[in-house]
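Could you walk me through this protein in a few friendly questions and answers?

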Amino acid sequence: MSTPLTPQDLAHLQSWQGRSESEHDSITAAPVRALSATLDRDDVAPTAGTPLPPLWHWLYFLPQHRQSELGPDGHAQRGGFLPPVPLPRRMWAGGRLAWEPGNTLQVGDAAERRSTIASVAHKAGRSGELVFVLVRHALHNARGLALTEEHDIVYRAAPAPGDAAPVPTPAPQDAAFSRRIVPDATLLFRYSALTFNGHRIHYDRSYVTEVEGYPGLIVHGPLIATLLIDLLRREMPGATVARFEFRAVRPTFDTAPFRVHGRPDADGRTVHLWAEDADGWLTMQATATLG
């Protein structure tokens, strides 16, 4: 069990607020081809000037820590740009993104990502201690600002023996379109490789079941978010996504297929998207606003 955070601990973590960093990367075609294949799409091969689909910028600006800098869970050891939160479980809990009209990132762009630790907050509840870290990103290319993103990271203690599991939420049943996803180990490995994500919960079954205590490999939250946007692109190919927000609700495991769903709102601009596990529980909810 983790030692409870003291006010001094929290003050130390909050000293990270306001820290910033800047990274540069080239928007190359190979990751686009690879993600297209991973999502089982039949896209035209990307060339210079091909617009980057929504959320596919997550293929770039990847952390490239040396092997000796990784912890036993395959994540980078705590510290550096992100605060060294001493809670064992870390997850990408959600985010909010807005694309600048007329300046989509394109294959061939030289891009810069400017990131800032916006806040570090602590909460203790029935599910134990939680620390919320909000990171703001702004992505630029030679034409100016292309995309802003707020990234929610949650750190939490491991559950103690006998702790009650959170009450699940039934998934909505009014989808206008849906797609069944088989989250086998190959899909999870390919997405981990594409995003240079060494976290063992996504590909090391012995580790995730015997050390972390989960029933199976965990499907990446960003992969589910990407599949939600991908569903929208398949069903509404002429739509332009101007804003997107999503929230992870419950982990999804590779032990059974899951489904992604969508339903356009009557306003003609809003599309509700969500993911449902094999038991009918809501695992992620999202809203896309069309431009």
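This is a predicted model: local features need pLDDT of at least 70, side-chain atom pairs count only at pLDDT 80 or more; totals for chains, interfaces and linings use all residues.

User: What span should the 15 residues of helix 5 have?
Analyst: Helix 5 covers residues 221-235, and each residue counts for 1.5 Å. The span uses one less than the number of residues.

User: How many of the residues of helix 5 are buried?
Analyst: Buried here means under 20% relative accessible area. Residues that pass include Gly 221, Pro 222, Asp 230 and Leu 232. Helix 5 is largely enclosed by the rest of the structure, because the buried count out of its 15 residues is twelve.

User: Is the aromatic pair of Tyr 214 and Phe 253 stacked, edge-to-face or tilted, and what is the angle?
Analyst: The search of the whole structure finds four aromatic pairs. In this one, the centres are 5.9 Å apart. Planes under 30 degrees apart would be stacked and over 60 edge-to-face. The pair of Tyr 214 and Phe 253 falls in the remaining class, tilted, at 40°.

User: Where in the chain does Phe 253 of that pair sit?
Analyst: The pair links distant parts of the chain, 39 residues apart. Both partners are buried. Tyr 214 is in the loop between helix 4 and helix 5, while Phe 253 is in the loop between strand 7 and strand 8.

User: Which residue lies over the face of Trp 16?
Analyst: A charge counts as over a ring if it is within 6 Å of the ring centre and within 35 degrees of the ring normal. Here the distance from the ring centre is 4.0 Å, and the residue is Arg 19.

Conventions
Residues are numbered from 1 along each chain as its sequence is written. Side-chain values use heavy atoms; hydrogens and water are left out. Helices (H or I, at least four residues) and strands (E, at least two) are DSSP runs, numbered from the N terminus. Buried means under 20% relative accessible area, exposed over 50%, partly exposed in between (1.4 Å probe, protein chains only). Rings of Phe, Tyr and Trp (its six-membered ring) pair if their centres lie within 6.5 Å; planes under 30 degrees apart count as stacked, over 60 as edge-to-face and the rest as tilted.
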